[in-house]
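Please read the following points alongside the sequence and the coordinates.

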Amino acid sequence: MRAAVLHETGQDKLEVLDDVEAVGTGPGKVRIRVRATGLCHSDLSAMSGVLPQPAPFVPGHEGAGEIVEVGEGVGHLRAGDRVVVCWLPACGACPACRRGQTELCLAGFMNAGTPNFRRPGGDVFGFAGTGTFAEEVVVDAGCAVPVPDDVPFDIAALIGCGVTTGLGAALNTADVATGSSVAVIGCGGVGISAIQGARLKGAAEIVAVDPVAGRREAALRFGATRAVAPGELPGAKQEVTGGEGFDYVFEVVGRSATARTAYDNTRRGGTLVVVGAGAMDDFLQLNMFELFFDEKRILPSLYGGGDVVRSYERTIALWRAGRIDLEGLITHRVPLAGVNEALDQMRSGTALRTCIEI
């Protein structure tokens, strides 16, 4: 079968090969025919080494498809079911799951160290234990979440990561207050989803911050009340909040510099929500006096900060009701053979989300 492979961490191009085999079929596993996958910035971060991932590997973790094979002991899925690939499944038994913090379950991360592909030259890993830049993938049954047949594969794929992450940051982690002021730093697919979440919660002012003009224009279509380049943020802070700072600031870039900017633009007593996935050696510096005196809440948000399956269901309900726009997030489409074009679109900021149709 075909899959896009990164041979060594640090390479900026993928090689689409037709000699890759999905492996690991057995009890508790399912084989998925991938139909659509989104390109998430985390895939680029894994390729560059910002996020740890053994190589060689098949990137992709935001995917959807249909079940083609079910292993022994899997009773809730059958061949033909339409599913979203969940890269962070809940085991249901660990302390985090028992506390109701299923997004903190580590079971999914354990899958990242087990190869789920093979080539004639040896084993190949799947990013985050999945690897959706492939025609097929074998995963634990908990990684395959059924969705209704009226949800198109491309929409389902977005729900698998970016939309759930951004919406959940606003709805679950921050629980944005009605009438509040919000700034979102970084307006790709995840940032735009955070904007939609803030709009759903009734924020009065939503300022989108991004260096790419096209993304700023898109943010206004999705609910931002104004959109500015990073250098214009101080002026927007003054105009919207009288210089006090925003009630909520979402950092959706994953860098200490933008997190520091987000902190500085959060009002005293306000909330900074860290959504971007950053590097382990990139440190955010805060002095102890400001941390105490300003009483700003710093809330990291992993995968939307809530129960993933319930978040999927909520997102589908909101999409069906016309309360959120998911189709508009897909600005580009390419076949698997064009995956490197998709990478360029992400790096340049010309795409909110590129759908790779497989």
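1. The side chains of Asp81 and Arg78 form a salt bridge at 4.0 Å, N to O, the term being used for a side-chain nitrogen of Lys or Arg within 4 Å of a carboxyl oxygen of Asp or Glu. Asp81 is buried at 13% relative accessible area, whereas Arg78 is exposed at 59%; buried means under 20%, exposed over 50%, and partly exposed in between, with a 1.4 Å probe and protein chains only. By this rule the count comes to 20 salt bridges.

2. This is a predicted model, in which local features need pLDDT of at least 70 and side-chain atom pairs count only at pLDDT 80 or more, while totals for chains, interfaces and linings use all residues. Residues are numbered from 1 along each chain as its sequence is written, and side-chain values use heavy atoms, with hydrogens and water left out.

3. Asp175 and Lys201 meet in a salt bridge at 2.6 Å, N to O. The pair links distant parts of the chain, 26 residues apart, with Asp175 in the loop between helix H5 (162-174) and strand S12 (181-185) and Lys201 in the loop between helix H6 (189-200) and strand S13 (205-209); helices (H or I, at least four residues) and strands (E, at least two) are DSSP runs, numbered from the N terminus. Asp175 is partly exposed at 44% relative accessibility, as is Lys201 at 25%.

4. Glu239 and Arg226 form a salt bridge at 2.7 Å, N to O. Glu239 counts as exposed, at 60% relative accessibility, and Arg226 as partly exposed, at 26%.
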